[in-house]
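The sequence and coordinates are displayed first.

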Protein chains: 2
Amino acid sequence: METSDAPTEDRRLTARGEERRRQIVEVATRLFAKDGYHPTSVADVVEAVGVGKGVFYWYFPSKEALLAEILRSGQKARRRVQRDAIAGIADPVEQMERGIRTGMEWMADHRDLVTLVRFAATEERFSEGLRKGEDIAAADAAAPLRRAIDEGRIPEADPDLLARSVVGVTQHLCASLIHADPDSDPTPVIDAAVRFCMGGILGAPAATTPA
Amino acid sequence: METSDAPTEDRRLTARGEERRRQIVEVATRLFAKDGYHPTSVADVVEAVGVGKGVFYWYFPSKEALLAEILRSGQKARRRVQRDAIAGIADPVEQMERGIRTGMEWMADHRDLVTLVRFAATEERFSEGLRKGEDIAAADAAAPLRRAIDEGRIPEADPDLLARSVVGVTQHLCASLIHADPDSDPTPVIDAAVRFCMGGILGAPAATTPA
DNA sequence: GGTTCCCTTGACTGGACGGTCAAGGCAGTA
DNA sequence: TACTGCCTTGACCGTCCAGTCAAGGGAACC
């Protein structure tokens with residue numbers, strides 16, 4: 001009977017407990033994305049899982065903390081995938097293209113997460129935590145961009161704004177996928193996103209004179 | 001005592017009434033954007049305005065209808081500004097550039113609206129109405145894009161995906177402005193957005209060979 | 001069998017929130 | 001003054017919801 005027994009503090013969980021926890025995260029992610037965070041009650045979540053309400057608060061200190069964790073772990077996962085994808089590439093421009101494509105593919109596979117990130121960005125309470133992750137992502141992307149600029153491969157520009165532009169394109173095009181048939185092939189949209197972003201980074205041709 | 005007296009039905013309003021209504025929209029837009037739509041109660045809004053609760057329901061049938069109206073009128077205003085801006089321009093590529101810049105400038109001047117649009121996109125109840133407006137915007141942009149493609153000014157591409165990419169960049173960069181000092185000059189960010197978008201539309205140079 | 005500790009239950013609480021309504025003020029008009 | 005219709009009030013209602021808690025099941029270990 002102490003703060004040591006407080007819920008969130010990484011409580012020792014058995015395999016069964018870990019599984020239950022994972023299950024709650026999964027169901028909640030789906031429901032939050034589908035109906036919205038606020039309109040989805042904790043009662044909705046536990047009912048969808050098929051357990052009593054106390055179970056929720058055994059694993060999470062609050063509804064808010066659950067969303068925060070979903071966002072944090074999601075961003076972490078995407079970053080890891082993106083880093084692995086560009087690990088063996090030397091050319092910075094190729095790194096960018098590969099990173100953008102991988103990031104977009106990950107988003108297409110985790111559309112619920114994209115929805116939640118976009119929601120969280122609109123509420124100060126969550127956006128602060130989000131910014132930390134986004135700043136890291138921007139910093140990740142800034143390194144190859146700086147190199148490419150220094151090598152004269154791409155025009156001088158603010159790497160941070162470039163990185164955020166890329167995030168804007170991929171997130172928004174992914175959002176258009178969300179309303180499409182989830183079984184349809186996202187490849188054309190991903191290709192379009194990569195092409196657009198690379199065009200934006202490499203810069204417009206000096207002049208495309210009228211016909 | 002009939003549906004003819006129902007609140008939303010454009011009730012005959014005096015000048016004073018119009019002003020009150022405008023005031024509610026303005027205050028609610030600010031509060032919704034700052035604290036989130038759901039966390040902001042109708043009581044919060046009327047308190048900020050300094051009136052009783054009944055006033056709210058005199059002008060609006062529900063909290064939801066108010067947000068829907070804010071979104072609708074905002075999108076309509078942006079479209080009008082954008083259309084006026086490109087009215088006298090003949091060249092389709094120049095039209096695109098001017099339209100993007102004007103749209104971004106409008107967003108920078110109406111950051112609260114951008115926040116609300118981004119929120120609304122994450123909740124089905126509002127996103128449906130939003131899609132209608134976004135489809136119109138995409139169609140507006142598609143016309144000059146088609147012409148430019150037909151004239152060989154820009155590479156073959158899906159105009160719809162190009163338009164949505166542009167929206168993604170401008171919205172997201174605008175969001176980064178939201179957390180910046182509201183008095184700082186947004187011009188550099190707007191310039192970066194326009195440059196990135198034009199690069200994405202005009203297409204990457206065929207090859208920028210390594211140094 | 002006894003003990004411990006992880007996990008589960010579901011009724012309950014206190015508060016908040018969207019929306020209603022009967023009543024009254026106030027401006028313009030005659 | 002009397003009347004009409006726009007506007008305002010704020011207490012009130014029914015509902016919902018995040019979070020609590022006392023109690024119990026059950027697996028693992030002694």
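Of the 211 residues of chain A, 40% count as buried, a residue being buried if 20 or more other C-beta atoms, placed from the backbone, lie within 10 Å of its own, exposed if 12 or fewer do, and partly exposed in between. This is a predicted model, in which local features need pLDDT of at least 70 and side-chain atom pairs count only at pLDDT 80 or more, whereas totals for chains, interfaces and linings use all residues. Residues are numbered from 1 along each chain as its sequence is written, while chains are lettered from A and ligands numbered from 1 in the order in which they are written.

Chain A contains nine helices and zero strands, where helices (H or I, at least four residues) and strands (E, at least two) are DSSP runs numbered from the N terminus. Its pattern along the sequence is accordingly written α-α-α-α-α-α-α-α-α. The C-alpha trace of chain A spans about 70 × 35 × 30 Å along its principal axes. Among the contacts in chain A with a separation of 6 or more, 65% come from residues 24 or more positions apart; two residues are in contact if their C-beta atoms, placed from the backbone, lie within 7 Å.

Confidence is expressed as pLDDT, the predictor's confidence in each residue, from 0 to 100. Chain A averages a pLDDT of 91, and 91% of the residues score at least 70.

Eight of the 10 residues of α6(A) are buried, and the helix is mostly covered. The buried residues are Leu113(A), Val114(A), Thr115(A), Leu116(A), Val117(A), Arg118(A), Phe119(A) and Ala120(A). Their cover includes α1, α4, α5, α7 and α8 (159-178) of chain A together with α6 of chain B. His110(A) lies in the loop between α5 (92-109) and α6 (111-120) of chain A. With 18 C-beta neighbours inside 10 Å, His110(A) counts as partly exposed. His110(A) is 39 residues from Ile149(A) in sequence, and the two are 32 Å apart in space, C-alpha to C-alpha.

In soluble globular proteins, nonpolar side chains tend to be buried together. Here, the largest nonpolar core has 108 residues, and those with the most contacts inside it are Leu116(A), Ala193(A), Cys197(A), Leu116(B), Ala193(B) and Cys197(B). Such a core is a set of buried Ala, Val, Leu, Ile, Met, Phe, Trp, Tyr and Cys residues joined through C-beta atoms within 7 Å. Not counting residues up to four places away in sequence, Cys197(B) touches Gly200(A), Ile100(B), Val166(B) and Val169(B).

How do the two chains meet? In their interface, 41 residues of chain B are in contact with 41 residues of chain A. On the side of chain B that touches chain A, α6 (111-120), α8 (159-178) and α9 (187-202) of chain B each supply at least two residues. The most comes from α8(B), with 12 residues. By class, this side of chain B has 20 nonpolar, 14 polar and seven charged residues; Ala, Val, Leu, Ile, Met, Phe, Trp, Tyr, Cys and Pro count as nonpolar, Asp, Glu, Lys and Arg as charged, and the others, Gly among them, as polar.

Chain B can be laid on chain A with an RMSD of 0.1 Å by a turn of 180° and a shift of 0.0 Å along the axis. The two copies are thus related as by a two-fold rotation axis. Since 100% of the interface residues of chain B are also interface residues in chain A, the copies meet through the same surface.

Of the 21 residues around DNA strand D, Ser41(A), Gly17(B), Val51(B), Gly52(B) and Gly54(B) come nearest, a residue being near a strand if its C-beta atom, placed from the backbone, lies within 6 Å of it. The surface near DNA strand D receives the most from α3(B), with four residues. Around DNA strand C there are also 21 residues, of which Gly17(A), Val51(A), Gly52(A), Gly54(A) and Ser41(B) come nearest. For the surface near DNA strand C, the largest share, four residues, comes from α3(A).

How values were computed: Copies are superposed by least squares on the C-alpha atoms of residues with pLDDT of at least 70 in both.
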